[in-house]
Amino acid sequence: MSSEFTYAASGVDIDAGERAVTLMKAAVEKTNRPEVVGGLGGFAGLFALDVGKYRRPLLASSTDGVGTKIALARQLDRHDTVGIDLVAMVVDDLVACGAEPLFLQDYVACGKVVPERIAAIVTGIAAGCTQAGAALVGGETAEHGDLMDADEYDLAATAVGVVEADAVLGPERVRPGDAVVAMASSGFHSNGYSLVRRVVSAAGLDLTATPVGLDRPLGDELLEPTRIYAKACLALVETLGVDAVHAYAHITGGGLAGNTARVVPGGLEAVLDRTTWALPPAVRLMEEHGVPREESERAFNCGVGMVAAVAPDAADAAVRQLTAAGIPSWVAGEVRTTDGDGASARLENTYR
């Protein structure tokens with residue numbers, strides 16, 4: 001048989017895939033929760049949900065990816081943080097409805113399996129799972145040698161969580177007068193990178209240099225992993241209860257106003273005061289090189305990665321608890337009545 005017609009010659013190296021699994025195995029096993037049954041190597045991940053813990057459990061699921069932030073990781077040849085971004089994108093969507101993330105499965109598509117690179121990516125995913133309290137119960141690495149360049153890859157994941165039916169958070173709980181508590185982002189998170197990369201390219205910005213206003217190289221700033229809010233947000237509900245914590249909005253694509261509006265019921269408006277926080281220097285850098293403010297606030301989180309709508313008498317306690325958990329937080333606005341039937345959110349005043 002001709003050596004031309006082998007799987008390896010076609011772009012799929014089974015041996016490299018097996019070595020990648022060996023390299024990542026220890027990191028994945030550290031994410032295990034008591035409910036995980038078995039380990040890596042099976043055809044499916046098994047998770048023994050203790051239904052006795054819940055009165056009426058609802059399963060929640062979320063699927064997402066990292067987007068074009070991966071292009072910067074490839075450009076800088078640093079692959080140990082995008083896995084954290086991947087986890088953040090799905091677990092913090094789960095938390096928005098009050099669900100506890102239970103487990104996650106990932107999918108890595110690549111042009112060539114380089115075991116060390118795949119292991120770095122999945123080690124980052126495992127680190128994110130540890131931060132979120134979720135188990136990494138399995139995944140898939142697919143080598144697409146005839147479709148993707150050797151250093152090209154993409155990531156996706158699905159996470160599953162659980163929430164009591166009578167504890168689901170969302171717009172149905174939000175009331176006029178609720179305080180809007182903002183939680184600081186760690187950077188651009190995983191949104192707006194097509195625009196960021198366009199600015200970097202058009203302006204000829206050096207990713208290894210430190211621009212005026214930043215305290216580290218631009219590449220480090222742009223690869224800062226997404227903050228994971230899951231544990232702190234769940235702990236806040238546990239402490240204050242659903243009578244006080246009414247809704248969470250994960251600030252991703254669409255910006256702060258666009259995502260906050262998703263948890264506001266008809267006839268109400270969330271108004272956020274820009275004077276309560278400073279626009280991050282990295283966002284100002286994008287604006288200095290041509291991005292209009294209006295576009296910044298649609299494409300970037302502008303310094304706020306999650307917001308909570310909480311009862312007004314619980315706002316100070318929420319800020320104290322979140323800040324003590326390592327998430328800088330503040331009251332950024334309030335929910336008001338409007339004349340129309342629609343739901344909305346807007347920003348007012350000027351950043352300090």
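**Entry 1: ground rules**

I am reading a predicted model, where local features need pLDDT of at least 70 and side-chain atom pairs count only at pLDDT 80 or more, while totals for chains, interfaces and linings use all residues. Residues are numbered from 1 along each chain as its sequence is written, and side-chain values use heavy atoms, with hydrogens and water left out.

**Entry 2**

I started with strands (DSSP runs of E, at least two residues, numbered from the N terminus; helices are runs of H or I, at least four residues). Two strands count as paired if DSSP finds at least two bridges between them. As background, strands of a sheet pair through backbone hydrogen bonds, either parallel or antiparallel.

In which order do the 4 strands of the open sheet stand? I read β3-β6-β4-β5, with mixed pairing. β3 (57-65) and β5 (135-143) are at the edges with a single partner strand each, so one side of each has no neighbour in the sheet. On average, neighbouring strands here are turned by 15° against each other, direction ignored; the axes behind such angles are lines fitted to C-alpha atoms (for helices over the stretch in contact), and angles run from 0 to 180 degrees between N-to-C directions.

Then I went through the pairs:

- β3 and β6 are antiparallel, with 9 bridges; leucine 58 sits opposite valine 163 in β6.
- β4 and β6 are also antiparallel, joined by 10 bridges, and proline 101 has glycine 161 in β6 as its bridge partner.
- β4 (residues 100-110) and β5 run parallel, with 8 bridges; aspartate 106 stands opposite glycine 139 in β5.

I also checked how covered β6 is: 9 of its 12 residues are buried. Buried means under 20% relative accessible area, exposed means over 50%, and partly exposed is in between (1.4 Å probe, protein chains only).

**Entry 2: strand β7**

How many of the 6 residues of β7 (residues 179-184) are buried? I counted 6 of the 6, so the strand is largely enclosed by the rest of the structure. Ala179, Val181 and Met183 cover one side, and Val180, Ala182 and Ala184 the other, all of them buried.

**Entry 3: nonpolar cores**

Next I looked for nonpolar cores (sets of buried Ala, Val, Leu, Ile, Met, Phe, Trp, Tyr and Cys residues joined through side-chain atoms within 4.5 Å). In soluble globular proteins, nonpolar side chains tend to be buried together.

The largest core has 102 residues, and Leu104, Leu155, Met183, Phe188, Leu222, Tyr248 and Phe300 have the most contacts inside it. Helix α3 (residues 82-95) gives this core its largest share, 9 residues. A second, separate core has 9 residues, including Val36, Leu102, Phe103 and Val137.

I searched a 1 Å grid over the protein atoms alone: a cavity is a set of points where a 1.4 Å probe fits but cannot get out, and a pocket is an open set with protein on both sides within 12 Å along at least five of seven lines; lining residues have an atom within 4 Å of a point. Grid points are joined across faces, edges and corners, and a volume is the space filled by probe spheres set on the points.

I found 1 cavity of 30 Å³ or more. The largest cavity holds about 40 Å³, and among its lining residues are Val180, Val307 and Val335. Its lining has 8 nonpolar, 1 polar and no charged residues.

The second largest pocket holds about 330 Å³. It has 14 lining residues, with Gly98, Glu100, Leu234, Val237 and Glu238 nearest its centre. Which element gives the largest share of this lining? I found that α7 does, with 4 residues.

**Entry 4: around α7**

The buried residues of α7 are Ala230, Ala232, Cys233, Leu236 and Val237. Glycine 241 follows α7 and has a positive phi, near 85°. Alanine 232 and glycine 326 are 94 residues apart in sequence but 8.6 Å apart in space, C-alpha to C-alpha. Glycine 326 lies in the loop between α11 (315-324) and β11 (329-337), and it is partly exposed, with a relative accessible area of 44%.

Conventions
Ala, Val, Leu, Ile, Met, Phe, Trp, Tyr, Cys and Pro count as nonpolar, Asp, Glu, Lys and Arg as charged, and the others, Gly among them, as polar.
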